[in-house]
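Open the model in your viewer and keep the selection panel at hand. The tour goes from stop to stop.

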Amino acid sequence: MKRLLFILLLSCSFTATLLVPEEYSTIQSAIDSSTDSDTILVSSGTYFENINVNKYLYFISNDGPESTFIDGGGNNGMASNVSFNINGFSFINCHEGINISWAGPLQVSNCIFNNNTTGLLSDGT
């Protein structure tokens, strides 16, 4: 019985790393398949997306902002009402590169905002 309980507790504590585009063709599809505290690991490329983040996640690019782009096509690149961590992306052609409407902890590291109306907007309190 103790062994079964240990296995159940251990299995509940793991997080997943979801690979884009190797496992998921878009960042949004990886988010949709994720659970809180998962990592979305993104390979180099340009992702034409308007991303909606609704879980606490970690976003990491493999090769940094010089080769991993989120192109919002004039809309928001990434919008969220939850906190998250993001590292190593360039946001281009966005109305708002990142729009967060909740005042929780947000960590943005090693990101570039270029050709956007606003780079980062927080309208939370």
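Select V108, F113 and L120. Together they make a nonpolar surface patch with about 210 Å² of accessible area. Patch members have over 30% relative accessible area and no salt bridge, with nonpolar side chains (Val, Leu, Ile, Met, Phe, Trp, Tyr) joined within 5 Å. A salt bridge here is a side-chain nitrogen of Lys or Arg within 4 Å of a carboxyl oxygen of Asp or Glu. Areas come from the Shrake-Rupley method with a 1.4 Å probe, and for residues only the protein chains shown count as cover.

A word on the source: this is a predicted model, where local features need pLDDT of at least 70, side-chain atom pairs count only at pLDDT 80 or more, and totals for chains, interfaces and linings use all residues. Residues are numbered from 1 along each chain as its sequence is written, and side-chain values use heavy atoms, leaving out hydrogens and water.

Stay on F113. It belongs to β12 and stands opposite F91. Now select β9, residues 90–92: three bridges join β9 to β12, and the two run parallel. Strands are DSSP runs (E, at least two residues), numbered from the N terminus. Two of them pair if DSSP finds at least two bridges between them.

L120 sits in β13, residues 118–122. It counts as partly exposed because its relative accessibility is 42%. The classes are buried under 20%, exposed over 50%, and partly exposed in between (1.4 Å probe, protein chains only).

From β13, step to β10. The two pair in the parallel sense over four bridges. I100 has S122 of β13 as its bridge partner. Select β10 itself, residues 96–100: five of its five residues are buried.

Next comes β7. β7 and β10 are parallel too, over three bridges. A79 has N99 of β10 as its bridge partner.

Last stop: S80, in β7 (residues 78–80). Buried or exposed? S80 counts as buried, because its relative accessibility is 4%. A polar atom of the S80 side chain lies 3.1 Å from the backbone oxygen of V53.

Conventions: Patch = residues over 30% accessible without salt bridge, like charges linked within 9 Å, V, L, I, M, F, W, Y side chains within 5 Å. Polar contact = N/O pair within 3.5 Å; in protein donor to acceptor, adjacent residues only side chain to side chain.
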